[in-house]
Amino acid sequence: MTVWRRFVDSFQENVAVAFESLRVSKMRSALTILGVVIGVSTVMAMASIVQGIQQQIVETIELAGPTTFYVMKVFSQTPLNPQDLPKWVRDRPDLTPQEADRIDALPEIAYAGMWGQYVARVEYAGVRTQPQVIMGADSHYTEIEGGTLTEGRWFTHAEEVNGRAVAVIDVDVAQKLFGSIDPIGKLVHIGARPAQVIGLYQPAANIFSPPGQEIVAIVPYLMLDHQFTLDKTNMVFIPVKPRPGVTVDDAESAVIVAMREARRLHPGDHNTFDLITQDQILDVFNKLTGVFFLVMIVLSAVALLVGGIGVMAVMMISVTERTHEIGLRKAVGATRRDILQQFLVEAATLTGIGGVIGIIVGLGLGRIATAAMNINAGAPVVLTLAAVVVSVGIGLVFGVLPARRAARLDPVEALRYE
């Protein structure tokens, strides 16, 4: 019999012993692996959720086109209270429709428009929505944000430039407000201002729209600007789509030059606007989730440490209870190495089972959470394999001390043990 064959036979036997120990002491084994289950399931659940969100973000970005970027008054420096903005930000001029037109006319640019957001209710015949986002945009909205016009029409050029009170509303909102009535041509009230419904649209899934804050109606930007007090620091921006074949870097450079010329900035002056690309949006998300992941890994490591200590304690008890059995094995020829291997395999099997249960529980929790968020759960394959390796490794590390104690038992003394 080869050395490898003897090793395989011994390993199989030890695994069988471990399962037998698990069967005999179900409650104790369950408590032993509980810490491992909690640690692994926490990491797997969070990884599943984060990967699902990341996948949804990528899909949202692909809808707009990976080259689309945005001109904003300020990005990433804005606190919730505009009064807390630093003076250099408050002094920046607001974006204007004329600047959007100037960018739109650049040869490198396929589209640029003036967009803004406002939060208001939409009401018809006493039925109204919760306060939700009203988007001020133009007829190119779905080219940037995705979605489809399902009924009616988009704004005409005259309606856009004159800021007419017309609206394209979400199909689900239309169903809630009008029921079986045809909404096209009806007058709704948006934030108490009347607007005529001219179309319905089916929005694309958008991870950046938190539940309850979806865009419920799209109106001409100038209508929104004329009839409401817009937060032009945080809620107004210019989406920019480069022409096919033009790189994002070239398009950004052209836009920066055009904006600096429009604002008469001198060489050496800082830009009084910000540009944000899809990569920067993804980078911000990755930084946020990276910190989140780090916190979860620390918490999970604590749970795994507790689980490992539990495994060591239970294996110590097991060695004491099976001292006579160890003596018998040594009496019939088992070496220290055989005993050491037996208890290490047993400890690794216990924690490995805990790891597998943790993976199943974690993926299940992640699927439930992502279903509630209306996104697809991610399947972190690499992390799943890593979770199995880590959980088995915990058993090997924390099983060393009790395994060495078992291996060093004197066979004569062990046989006398009662």
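Leaving aside neighbours within four places in sequence, threonine 277 is in contact (heavy atoms within 4.5 Å) with Phe69, Val248 and Glu252. This is a predicted model, in which local features need pLDDT of at least 70, side-chain atom pairs count only at pLDDT 80 or more, and totals for chains, interfaces and linings use all residues. Residues are numbered from 1 along each chain as its sequence is written, and side-chain values use heavy atoms, with hydrogens and water left out.

Threonine 277 lies in strand β13 (residues 274-277); helices (H or I, at least four residues) and strands (E, at least two) are DSSP runs, numbered from the N terminus. Threonine 277 counts as buried because its relative accessibility is 11%, buried meaning under 20% relative accessible area with a 1.4 Å probe, protein chains only.

Helix α9 covers residues 248-262. Its buried residues are Ala251, Glu252, Ala254, Val255, Ala258, Met259 and Arg260. Among the elements that cover these buried residues are β1 (69-72), β12 (236-242) and β13. Just after α9, arginine 264 takes a positive phi of about 55°.

Elsewhere, two helices pack together. The axes of α12 (residues 336-372) and α13 (residues 381-398) come within 7 Å and cross at roughly 150°; axes are lines fitted to C-alpha atoms, for helices over the stretch in contact, and angles run from 0 to 180 degrees between N-to-C directions. The residues making this contact include Leu344 and Gly352 of α12 and Ala387 and Ser391 of α13.

How values were computed
Buried means under 20% relative accessible area, exposed over 50%, partly exposed in between (1.4 Å probe, protein chains only). The expected span of a helix is 1.5 Å times one less than its number of residues.
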